[in-house]
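This report goes through one model, from single residues to the ligand and the cores. Please keep the sequence and the coordinates at hand while reading.

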Amino acid sequence: MFVDVRSDTATIDPRLVDAAISPATRAIIGIDALGVPADWDELSDIARTNGLALVEDAACAAGGTYRGRACGSFGDVAAFSLHARKGITCGEGGVIATDSAELAERVRPLVCFGMESAYARQGSAGSSLPRFTELGYNYKLADILAAIATVQVGRLGTLLAHRRRAAAYYAAALADIDGVRAPQVPDDREPTWQTYAVEILEADRDAVIASLRELGVQSTIGTYAQHTQPVYGATASCPNSARFAERHLALPMSAEISEADQDRVIAALRRVLG
Ligand SMILES: Cc1ncc(COP(=O)(O)O)c(C=O)c1O
């Protein structure tokens with residue numbers, strides 16, 4: 001079941017969740033969309049009241065906080081992405097976070113074909129041949145990638161500080177450009193700015209992307225509206241999600257972006273939006 005997002009943050013709207021729960025519902029999945037934390041207190045209450053699991057998609061949210069708590073700490077289980085476009089990265093891969101020892105034990109073999117870990121086998125006095133306890137996947141993170149990711153985790157604070165500076169710089173510059181709205185973030189949460197997506201209010205967003213490209217500035221969409229993708233065959237109406245998919249424009253953003261680069265982006269956007 002798809003549930004629409006809030007009109008400001010593009011995160012799941014907790015007020016709409018109750019109506020989507022049916023006897024078949026097992027879990028609620030919330031997304032810290034583009035690195036903006038979702039309404040985890042409300043979502044936790046709804047999950048608890050209805051006896052449902054809560055899953056946090058924190059793919060974009062390493063280092064983000066909601067009411068003083070770290071993203072990835074909400075719900076029964078959370079997933080971070082280490083894909084190249086994320087705030088910390090080792091190219092591909094991810095991290096699962098949970099407070100549940102039971103869930104962690106369940107996940108470990110699933111990552112590696114459903115077999116006992118090499119560490120567990122190494123320590124055993126008997127045969128070190130693996131035993132397959134259930135059908136699993138090949139979701140292993142290579143040691144080399146894990147080594148890179150570990151260093152990235154240590155740099156998270158520095159990388160976040162750069163992105164926050166860049167986001168504040170964009171927000172200040174956007175204030176006097178007509179036809180564009182800077183990202184809206186409530187005071188009780190700190191995003192990661194994995195993506196800096198503005199809303200194009202009147203112009204055709206795809207035409208803006210094309211015009212920016214002609215001026216040497218790469219931009220892209222912000223979010224997909226999943227309920228409109230053919231794979232799901234969904235009938236849900238999620239107007240806010242659809243609006244963001246049509247109007248979001250992700251400006252260049254990285255931990256290395258300089259103010260000079262941002263000035264170029266802003267000048268190009270000002271020119272394109274007239
Ligand atoms: C919200 C969200 N969930 C999940 C993913 C998938 O992450 P990965 O590519 O590491 O599987 C992404 C990546 O784009 C994402 O933005």
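Where is Ala-10 found? Ala-10 is in the segment before strand 1; helices (H or I, at least four residues) and strands (E, at least two) are DSSP runs, numbered from the N terminus.

## Basis of the values

The model is predicted, so local features need pLDDT of at least 70 and side-chain atom pairs count only at pLDDT 80 or more, while totals for chains, interfaces and linings use all residues. Residues are numbered from 1 along each chain as its sequence is written, and side-chain values use heavy atoms, with hydrogens and water left out.

## Before strand 1

Ala-10 is buried, with a relative accessible area of 10%. Buried means under 20% relative accessible area, exposed over 50%, and partly exposed in between (1.4 Å probe, protein chains only). Although Ala-10 is not a glycine, its phi is positive, at about 65 degrees.

Asp-13 is also found in the segment before strand 1 (27–31). Asp-13 is buried, with a relative accessible area of 5%. Its side chain makes a polar contact of 2.8 Å with the side chain of Arg-15. A polar contact is a pair of N or O atoms within 3.5 Å; within protein, one must be able to donate a hydrogen and the other to accept it, and residues adjacent in sequence count only if both atoms are side-chain atoms. Beyond its neighbours within four places in sequence, Asp-13 is in contact (heavy atoms within 4.5 Å) with Val-3, Asp-4, Val-5 and Arg-6.

## Other positive phi values

Most residues other than glycine have a negative phi. Leu-34, which is not a glycine, has a positive phi of about 55 degrees. Leu-34 lies in the loop between strand 1 and helix 1 (40–50) and is buried, with a relative accessible area of 15%. Just after helix 2, Phe-113 takes a positive phi of about 60 degrees. Within helix 2 (residues 101–111), the buried residues are Ala-104, Pro-109 and Leu-110.

## Ligand surroundings

Ile-31, Asp-57, Ala-59, Cys-60, Ser-81, Lys-86 and Gly-93 surround the ligand, each with a heavy atom within 4 Å of it. This shell divides into 3 nonpolar, 2 polar and 2 charged residues. Here Ala, Val, Leu, Ile, Met, Phe, Trp, Tyr, Cys and Pro count as nonpolar, Asp, Glu, Lys and Arg as charged, and the others, Gly among them, as polar.

A polar side-chain atom of Asp-57 lies 2.7 Å from a ligand nitrogen atom. For ligand oxygen atoms, the distance is 2.6 Å from a polar side-chain atom of Ser-81 and 2.9 Å from one of Lys-86. On its own the ligand has 390 Å² of accessible area, of which the protein covers 51% (Shrake-Rupley method, 1.4 Å probe; for residues, only the protein chains shown count as cover).

## Nonpolar cores

The largest nonpolar core has 24 residues; Tyr-170, Leu-174, Tyr-196, Val-198, Leu-249, Leu-251 and Leu-269 touch the most other members. Such a core is a set of buried Ala, Val, Leu, Ile, Met, Phe, Trp, Tyr and Cys residues joined through side-chain atoms within 4.5 Å. At least two residues each come from helix 4 (143–174), strand 9 (196–200), helix 5 (205–214), strand 10 (248–251) and helix 7 (259–272). Helix 4 gives the most, with 5 residues.

Apart from this core lies another, of 15 residues, including Cys-71, Leu-82, Cys-90 and Leu-156.
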